[in-house]
Amino acid sequence: MFVYRVGELRYLTVKEMFDCGEWQTYELNHEGEFATFNHEEMEPLIGRGYSVSLEVNNMMVEKINQLIHKNRLATFPIEGEVHLVCSESTAGAIRVGLDRPKTVIGFQVFFSIGPVWQLDQKQGQTNRFEWINENINLEQDHFDIENTFNKTLLEISEIPENKPIYIWTADNGEEQTGVRFILQLLKDKANEVILLNTTELFQKGNFLNEDEFQTLHHSSGVHPKNLKLLFQQNKTRAPLSNQERAQFQLEWESLAQTVDVLRIWQNGGIEGVPEDYYDQFIISTIERMHSEQQQKRDFILAAKVIGEIIGQTDGVVGDFYLEYRIRHLIYSGVLELKGVPRSMRHYRVKLR
């Protein structure tokens, strides 16, 4: 019998469970003792070691988080208004920029890439995280992004119905997909939901200097002090009507039937595009970088190629997806590799 001591009502990942937790093990004589087991009445085993698979560890984290969730519902306070965002960087900027009290909940799942088929259901979530683990170099422990996603779902379910909810978005595939997913999660909640589109609000704001005016594609691109001003100017906006919420949910239901692994924001809507949508742009960027080399065509750090592309596209495509496609071009023989492709900083490429 494994016993884990919960020190605080904070959701865990697999890594946190082992880095921060206190474990004890007990031996039962037969199955019947399980129902009446009380660790305080028994002596723990000493000097034992165990080998447990990652899958079992992940299952244990889910069970522990479910128990934490039951206790949080009764005792954990939701402070001020609630802000929901589609990236941890945006969540961090809002935590810094906006006045307290407030509660900020952020996803970390890159909604523009990877399958979103049935993502509001367990089967779709399993399908998505299998694809991410097989294709994307996240430099995170296995199951960490899945644990973080599940933690966010639990946090959203805890929002009391008397709290106003602000959803921050911008004109890009990631945040627009995320808005529709979030509103699907909120479909049974009667909270007022106010949508704040930073692309639109940033352009309309009269607090920017001339040299600051630009087209903003991501909420994370707004400085915390400007996020505060945006919120002060727009926190009393009318909440989404029932009809508007229903429309977003219909659009989510449509997205949840797709099998695309790349989505962009185009012509005022989310469009699924082929997986190789950016491949030719990657190739042409490397060609240009080769032409700028002083001597013979040489290997270029993958991170440098990705940085060039992000600069040219105003960041509408993320670095993780570009790195995935660079590896695909290596495997398909278009690019030559030097180094080990465990991250974009560890290998170089050139055209064959």
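At what angle do helix α2 and α5 pack, and how far apart are their axes? I looked this up at the start. Helix α2 (residues 54–75) packs on α5 at about 20°, and the axes are 11 Å apart. I took axes as lines fitted to C-alpha atoms, for helices over the stretch in contact, with angles from 0 to 180 degrees between N-to-C directions.

Ground rules. This is a predicted model, where local features need pLDDT of at least 70, side-chain atom pairs count only at pLDDT 80 or more, and totals for chains, interfaces and linings use all residues. Residues are numbered from 1 along each chain as its sequence is written, and side-chain values use heavy atoms, with hydrogens and water left out. Helices (H or I, at least four residues) and strands (E, at least two) are DSSP runs numbered from the N terminus.

I checked helix α11 (residues 302–312) against α12. Their axes come within 10 Å and cross at roughly 125°. That makes α11 oblique to α12. This crossing of α11 and α12 is right-handed.

Sheet. I traced an open sheet of 4 strands, ordered β4-β3-β5-β6, with parallel pairing (two strands pair if DSSP finds at least two bridges between them). β4 (102–106) and β6 (193–197) are the edge strands, each pairing on one side only. From one strand to the next, the twist averages 20°. Inside the sheet, I found 3 bridges between β3 (residues 81–85) and β5 (residues 165–169). Val 82 has Ile 165 in β5 as its bridge partner.

Hairpin. Strands β7 (residues 263–266) and β8 (residues 269–272) run antiparallel, joined by 4 bridges. Gln 266 has Gly 269 of β8 as its bridge partner. The hairpin leaves 2 residues between the strands, and Asn 267 in the turn has a positive phi of about 55°.

Loops. Which bond joins Arg 100 and Pro 101? It is a cis peptide bond, with omega about 0°. Pro 101 sits in the loop between α3 and β4. Gln 118, not a glycine, has a positive phi of about 50°. I placed Gln 118 in the loop between β4 and α4 (122–135).

Pockets. I used a 1 Å grid over the protein atoms alone; a pocket is an open set of points where a 1.4 Å probe fits, with protein on both sides within 12 Å along at least five of seven lines, and lining residues have an atom within 4 Å of a point. Volume is the space filled by probe spheres set on the points, which are joined across faces, edges and corners.

The largest pocket has a volume of about 620 Å³. Its lining has 24 residues; Arg 95, Thr 103, Val 104, Ile 105 and Glu 155 lie nearest the centre. β4 gives the most to this lining, 5 residues. I counted 8 nonpolar, 5 polar and 11 charged residues there (nonpolar: Ala, Val, Leu, Ile, Met, Phe, Trp, Tyr, Cys, Pro; charged: Asp, Glu, Lys, Arg; polar: the others, Gly among them).

The second largest pocket holds about 460 Å³. Its lining divides into 11 nonpolar, 12 polar and 4 charged residues.

Note on methods:
Angles under 35 degrees count as roughly parallel, over 145 as roughly antiparallel, 65 to 115 as roughly perpendicular and the rest as oblique. A crossing is left-handed if the near helix is turned anticlockwise from the far one by less than a right angle, and right-handed if clockwise.
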